[in-house]
Amino acid sequence: MFEWVRQLGANGLQFFEKLGRGHLFLWKTLVGIPDVVMRPRLLIAQLLSVGVLSLALIAISGLFVGMVLALQGYNTLVDFSAEESLGVMVALSMVRELGPVVTALLFAGRAGSALTAEIGLMKATEQLSGMEMMAVDPLHRVIAPRFLAGFISMPLLVAIFSAVGIWGGYFVGVGLLGVDEGAYWAQMQAKVDLYDDVLNGVIKSFVFGIVTTWIAVFEGYDAVPTSEGVSRATTRTVVHSAFAVLGLDFVLTALMFGDS
Amino acid sequence: MVEAADSSQSDTLVRMRDLYFARGSHMIFDGIDLDIPRGKVTAIMGPSGTGKTTLLRLIGGQLYPDRGSVQVDGLEVPALKRAELYDLRQRMGMLFQSGALLTDLNVYENVAFPLREHTDLPESMIRDLVLMKLQAVGLRGARQLMPSELSGGMARRVALARAIALDPMMIMYDEPFTGQDPISMGAIVQLIRLLNDALGLTSIIVSHDVRETAAISDYIYVISRGKVVGHGTPQALDATDSEWVRQFMQGLPDGPVPFHYPATDYREDLLQDEEVG
């Protein structure tokens, strides 16, 4: 019994200690952001690996998600002769929810895990330590550009995911199932609000961008510098990012749409 | 009198006094006093796991002692502010056991890295400096190779070229001879001594390779179980009275450090095993 309580206490302490380390780490990284702005080449290299190289995955996934949404939505809407609302349904689902959430989950799996593994291996091979001894702060030189790249990439990837998804819905709904083309676009235009829907989606994408990239770079920096440690850290990045994104999505949705 | 004290201080680049450092409940340094003279090659030796690398990290300010003083060039390292510490580190070079080269940059860019980070030199001058440093370690021709294409010995030599890129006052070598073939070993042994004398450096070598280290060191500290158990010139340590230091320096399998891990009586152990069987 006492052993159980002791273990609970130890785990709690460990959790809060890590949370504290994570926040200190975030603060020190943010302090390094001006350095990155002064040296855009570091940022551009990371935008390529974090953002551009995730593009194919995001675009293809967005296409299929939009197509499935249209198929499922049509089958339900047609019972009520409301299939002309298919465009609104697809667009709202994409912009409000699926765009930010699915992109963030895919981003954590593709770019987040790669960031953790890369930084963890740099730590294991003493590259970060070596930089410190060369009087170069790895938080400014390595972490800050990656963090900023994630923060910038995520909203752009979400926008692309949603746009491609809406096109996917169009191909299936209008092209295959015979929904009226004018109705698909016109209802979407009329019902999707720039502030209530699009802007809220964009806010979500910024929040998810910060959280998933923060988790990824911190797990890499905090990894036990062995092959097993890096592998565990990579797994933690994906798992914690998924929890954080889904949990925060609920909180943000409740705040944004709870009273309407 | 004061002048004499000052001059003796300036002869010592690194001074450690009454240094205590523990990891959790495991005491690593239990009151160490150590002086590294300027312009000399000083070795810190001891069996594996005695915290030799930790000692270098304390000198470089990557770790903080629990108690005691670490002074480098008259500056109290643990008390330095971040900016002051980074200024001091620009005057220190460190050669890690793995080389710690940046794997996404080629040899040339690795050596240019500290120059690009800390100076505003024009590209043509950076090029000249990098080629001079690479020439000094014999790898000017390997400038386009990536770290993954280098052998262990070459990687260490590139790391050495990078460590001297900013013309530091001292270099710390962490186990520079471990896992080297005889030719690489010979090259690194020669380079350490040569660079020390040609560039007027102070070198600190952490190692347990007795023969190679003794061959190029001016002074040796032997550390064991958190304490300095012997120090002196290589010749003086060879002739030491301390059985422990003699066992270490001559690589004897048995002595004060026993060959056998502490265990119960051998005969009793075997008989007990029979009873169980």
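Visitor: Why is A:Ile58 called buried?

Guide: Its relative accessibility is 0%. Buried means under 20% relative accessible area, exposed over 50%, partly exposed in between (1.4 Å probe, protein chains only). So A:Ile58 counts as buried. This is a predicted model, where local features need pLDDT of at least 70, side-chain atom pairs count only at pLDDT 80 or more, and totals for chains, interfaces and linings use all residues. Residues are numbered from 1 along each chain as its sequence is written, chains are lettered from A in the order in which they are written, and side-chain values use heavy atoms, with hydrogens and water left out.

Visitor: Where is A:Ile58 placed, and what does A:Ile58 touch?

Guide: A:Ile58 sits in helix α4 of chain A, residues 55–77. Helices (H or I, at least four residues) and strands (E, at least two) are DSSP runs, numbered from the N terminus. Leaving out residues up to four places away in sequence, A:Ile58 touches A:Thr103, A:Leu106, A:Leu157 and A:Phe161. Contact means heavy atoms within 4.5 Å. A:Leu106 is 48 residues away along the chain, yet the two C-alpha atoms are separated by 7.3 Å.

Visitor: What makes A:Arg39 and B:Glu117 a salt bridge?

Guide: The rule wants a side-chain nitrogen of Lys or Arg within 4 Å of a carboxyl oxygen of Asp or Glu. Here the N to O distance is 2.9 Å. The pair therefore meets the rule. Across the interface of chain A and chain B, the rule finds four salt bridges.

Visitor: Which elements of chain A supply the side that touches chain B?

Guide: α6 (127–133) and α7 (138–176) each supply at least two residues. α6(A) gives the most, with six residues. By class, that side has six nonpolar, five polar and five charged residues.

Visitor: How much area do chain A and chain B bury between them?

Guide: About 1,700 Å², 54% of it on carbon and sulfur atoms. Buried area is the accessible area (1.4 Å probe) that two parts lose on being put together, summed over both. In chain A, A:Glu126, A:Met133 and A:Met134 lose the most, together 40% of what that side buries. The contact takes 16 residues from chain A and 22 residues from chain B.

Visitor: What is chain B built from, and how much of chain B is buried?

Guide: Its secondary structure comes to 11 helices and 10 strands. Buried residues make up 48% of the 277 residues in chain B. The C-alpha atoms fill a box of roughly 80 × 55 × 35 Å, taken along the principal axes.

Definitions and conventions: Ala, Val, Leu, Ile, Met, Phe, Trp, Tyr, Cys and Pro count as nonpolar, Asp, Glu, Lys and Arg as charged, and the others, Gly among them, as polar.
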